[in-house]
Amino acid sequence: MNGSLRLENVTMTRKKILLVDDSNTVLLMHRMMLSGGGYELLIARNGVEAVDLALRERPDLIFMDVVMPQMDGLQACRRIRASPEMHATPIIMVTTRGEPHSVQAGYESGCTEYITKPFDKGDLLQKLRQHLGE
């Protein structure tokens, strides 16, 4: 070597976040919150789409609503958790259902965190960074 520093060819990959909600308003809020963070955002509008995208794309983190058409978030969470490749992926439920039995059902379905709407942007971003190791 001639004393110069050789840099390896490193590819930086963006973290993938799957946003699952049937509300365009909530999806827009999530997108606005996460814009500028360098994340690749994937969108699903129901539990069926969420399971398909999660198993195909293997996101680094999932924000999921509970009350959705075709398949609710609890069912989708259980199906995603059944895949060995997705067993450790953080799934954060973001829902209007704040009753104790709903929270318990969320954790029993396999979610990592349970946040009720309306949510605090700072709290949501803190949980995101915590689970992504940022």
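## Helices α2 and α3

In this predicted model, helix α2 covers residues 47–57 and helix α3 covers residues 73–81. The two pack together at an angle of about 20 degrees. Their axes lie 9 Å apart. That angle makes α2 roughly parallel to α3, because angles under 35 degrees count as roughly parallel. The crossing of α2 and α3 is right-handed.

Which residues of α2 and α3 make the contact? From α2 come Gly47, Ala50, Val51 and Ala54. From α3 come Ala76, Arg79 and Ile80. By class, the contact of α2 with α3 has 5 nonpolar residues, 1 polar and 1 charged.

## Helices α1 and α5

The crossing of α1 and α5 is right-handed.

On the α1 side, the contact is made by His30, Met33 and Leu34. On the α5 side, Lys121, Leu124, Leu125 and Leu128 take part. By class, the contact of α1 with α5 has 5 nonpolar, 1 polar and 1 charged residues.

## The whole chain

How many helices and strands does the protein chain have? There are 5 helices and 5 strands. Read along the sequence, they follow the pattern β-α-β-α-β-α-β-α-β-α. The C-alpha trace spans about 65 × 30 × 25 Å along its principal axes.

The protein chain has 134 residues, and buried residues make up 43% of them. Consider the contacts between residues at least 6 apart in sequence: 59% of these join residues at least 24 apart.

Helix α4 runs over residues 100–109. Ser102, Gly106 and Ser109 are buried there. They cover an arc of only 70 degrees around the axis, so they sit on the same side of α4. The face turned away from that buried side carries the exposed residues Pro100, His101 and Glu108.

What do the buried residues of α4 pack against? Their partners are α3, β4 (91–95) and β5 (113–116). After α4 comes glycine 110. The phi of glycine 110 is positive, near 115 degrees.

## Isoleucine 17 in strand β1

Isoleucine 17 belongs to strand β1, residues 16–20. Is isoleucine 17 buried or exposed? Isoleucine 17 is buried, with a relative accessible area of 0%. Leaving aside residues up to four places away in sequence, isoleucine 17 touches Leu34, Tyr39, Glu40, Leu41, Leu42, Leu61, Phe63, Leu128 and Leu132.

## Aspartate 65

Where is aspartate 65? Its place is in the loop between β3 (61–64) and α3. Aspartate 65 is buried, with a relative accessible area of 5%.

Aspartate 65 touches Val20, Asp21, Asp22, Gly73, Met93, Val94, Thr95 and Lys117. That list leaves out residues up to four places away in sequence.

## Backbone details in the loops

Lysine 117, one of the residues touched by aspartate 65, is joined to proline 118 by a cis peptide bond. Omega for this bond is about -5 degrees. Proline 118 lies in the loop between β5 and α5.

Two residues other than glycine have a positive phi: arginine 58, near 50 degrees, and glutamine 70, about 70 degrees. Arginine 58 is in the loop between α2 and β3. Arginine 58 is partly exposed, with a relative accessible area of 46%. Glutamine 70 is in the loop between β3 and α3. Glutamine 70 counts as exposed, at 67% relative accessibility, because exposed means over 50%.

Key: Residues are numbered from 1 along each chain as its sequence is written. This is a predicted model: local features need pLDDT of at least 70, side-chain atom pairs count only at pLDDT 80 or more; totals for chains, interfaces and linings use all residues. Side-chain values use heavy atoms; hydrogens and water are left out. Axes are lines fitted to C-alpha atoms, for helices over the stretch in contact, and angles run from 0 to 180 degrees between N-to-C directions. Helices (H or I, at least four residues) and strands (E, at least two) are DSSP runs, numbered from the N terminus. Angles under 35 degrees count as roughly parallel, over 145 as roughly antiparallel, 65 to 115 as roughly perpendicular and the rest as oblique. A crossing is left-handed if the near helix is turned anticlockwise from the far one by less than a right angle, and right-handed if clockwise. Contact means heavy atoms within 4.5 Å. Ala, Val, Leu, Ile, Met, Phe, Trp, Tyr, Cys and Pro count as nonpolar, Asp, Glu, Lys and Arg as charged, and the others, Gly among them, as polar. Buried means under 20% relative accessible area, exposed over 50%, partly exposed in between (1.4 Å probe, protein chains only). The arc is that of the directions from the helix axis to the C-beta atoms.
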